[in-house]
Amino acid sequence: MVAYLIVFSACAATTFLATPVVRRLVVRVGAIDEPNDRKVHPVATPTMGGLAIYLGVLVGLGVSFLLPFFSDVHAASTEPLATFVTCTLIVALGAVDDLRGTMALTKFTGQVFIAGILILMGVELSYFWLPGLGIFILLGSDMSVLLTIVWTVAFVNAVNLVDGLDGLAAGMVTIAAGAFFLYMTRSPSQFGEASEAALLASVTAGVCVGFLPWNFNPAKIFMGDSGAMLLGLLLAISTISGVGRNPYPPSAGDFAAIAIPLLVPLLVLFIPFLDVLLAIVRRVWRRKAIGVADKEHIHHRLLDIGHSHRQAVLLMYLWSALISGSGLAVGLIDGRFAAGLVLVGAVVLFLITALPRFTERRRVAGEPADPDADVASPSGPVSDGPG
C-alpha cells in the first residue's frame, strides 16, 4: 500500500500545483467556457483543465517506474505504455474540442480510433461472462475488438456526460477509482501484490483529488472534454486490465465469482451509465439527435427539485459512494448485515434527495389565500391601472 500511496500522492500534488499554471495558460489562449441557456455556470470560466490532470498522470506513471514494487508490472505489462499513448491522444482530441468545438460524430470517431490504438497495444478484453448460462466465453479476435471498443467508448462518454456541475465528475471518478482500487487489491494478480489495474486506479484517484480543490463550486477552472474523456479512458483501461485480462478468472461454476468482477466496474459508474442511458432514450423518444445537449441530466433534475449547486453535487457523491460500496460489499463481504446497511443507506439518501420537493409541497399547501389577489369577474380580471 505504501507504493500505491506514493503514486497517488505524486499524482495529486502534481495536478494541484499544475492547475493554476494551466489556468493562466488557457486564459491567454482563449479557452473560456461561456455561459448559455443549457449550462448552469453564471460566469465565463477557463476550461481545458485536463492538461493539468494529464501532467499528473504522466508524473504518476513516471514515479511508478522508479518504484521496485512495480518493476514486474512495467517489465511484463503493456498497460502503462498503452495508457501513456492513448491518454496523450485523447487529451489532444479533447483540447481541440475545448478550443474550437467539434461535431459529435467527429469526437465519437476519434474515441473509436483511440480505442483501436489501445487494442493494437495489447489492452483488450480476453473473456466475457455470458448472463444466464453461467459460463465464460473466451473471446475471439473479432468479438474481443468489438467489446473492447464499446467498453472504452462507453466509459469515456459516461464521464464526459456527467461533467455538468462544478466538481461533479472529479468527485464521482474519485469514488469510482477508489472503490475499484480496493476491489483490485483484494483480487489475485500475476505480479503478486502489485497490480496494473490497481496502479491505474490509484493514478486516476490521485489526479482527481489534486484537481478537485480548483474545480469544486465555485469552480476556478473546468476540466473540459480534455479532462473528462481522459478520466473515462483511465477508468476503462484499469477495468479492462482488472476484469477482462486477469489471468486468474473465477471458476465457471461459481455464479457470484463470475458476476462480481464484471458488476463491480459497472456499479462504480452506475449513475453516469444510467445518465447516458436515460439521455439516449429521452432523445430517441423525442426524435432528436443523440449528440444534442440538453439540461435534463440527473444533476439538472436535482437542481430543479430545489437543491443548491453544492447540495446536488454532494448528493451525487453520496449516491455514487452508496452504489460503489454496494458493489464492494457484494464482492468482498458475505452477510445480510452489509445488505441491510445498503438498503438503509438507500432509503435515507432517497429521503434527503426528495426533501426539497416534499418541503415545497407542504409550504404551498399551508399558504393562506392572498386577500389582495385579483378577483375574477364575468367581464374578466380586475385591473388597478390603465390597459
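Colleague: What should I know before we start?
Modeller: The model is predicted, with local features needing pLDDT of at least 70 and side-chain atom pairs counting only at pLDDT 80 or more, while totals for chains, interfaces and linings use all residues. Residues are numbered from 1 along each chain as its sequence is written, and side-chain values use heavy atoms, leaving out hydrogens and water.

Colleague: OK, how many aromatic pairs are there?
Modeller: The count is six. Rings of Phe, Tyr and Trp (its six-membered ring) pair if their centres lie within 6.5 Å; planes under 30 degrees apart are stacked, over 60 edge-to-face, the rest tilted.

Colleague: How do tyrosine 4 and phenylalanine 69 pair up?
Modeller: Edge-to-face, at 5.6 Å centre to centre and 80° between the planes. Tyrosine 4 sits in helix α1 and phenylalanine 69 in the loop between α2 and α3, 65 residues apart.

Colleague: And tyrosine 4 with phenylalanine 181?
Modeller: That pair is edge-to-face too, 5.1 Å between centres with planes at 80°. Phenylalanine 181 is in helix α7, 177 residues from tyrosine 4.

Colleague: Is tyrosine 4 buried or exposed?
Modeller: Buried, because its relative accessible area is 3% (buried is under 20%, exposed over 50%, partly exposed in between, with a 1.4 Å probe and protein chains only).

Colleague: Switching topic, where is threonine 239?
Modeller: In helix α9, residues 224-244 (helices are DSSP runs of H or I, at least four residues; strands are E, at least two, numbered from the N terminus). Threonine 239 is buried at 1% relative accessibility.
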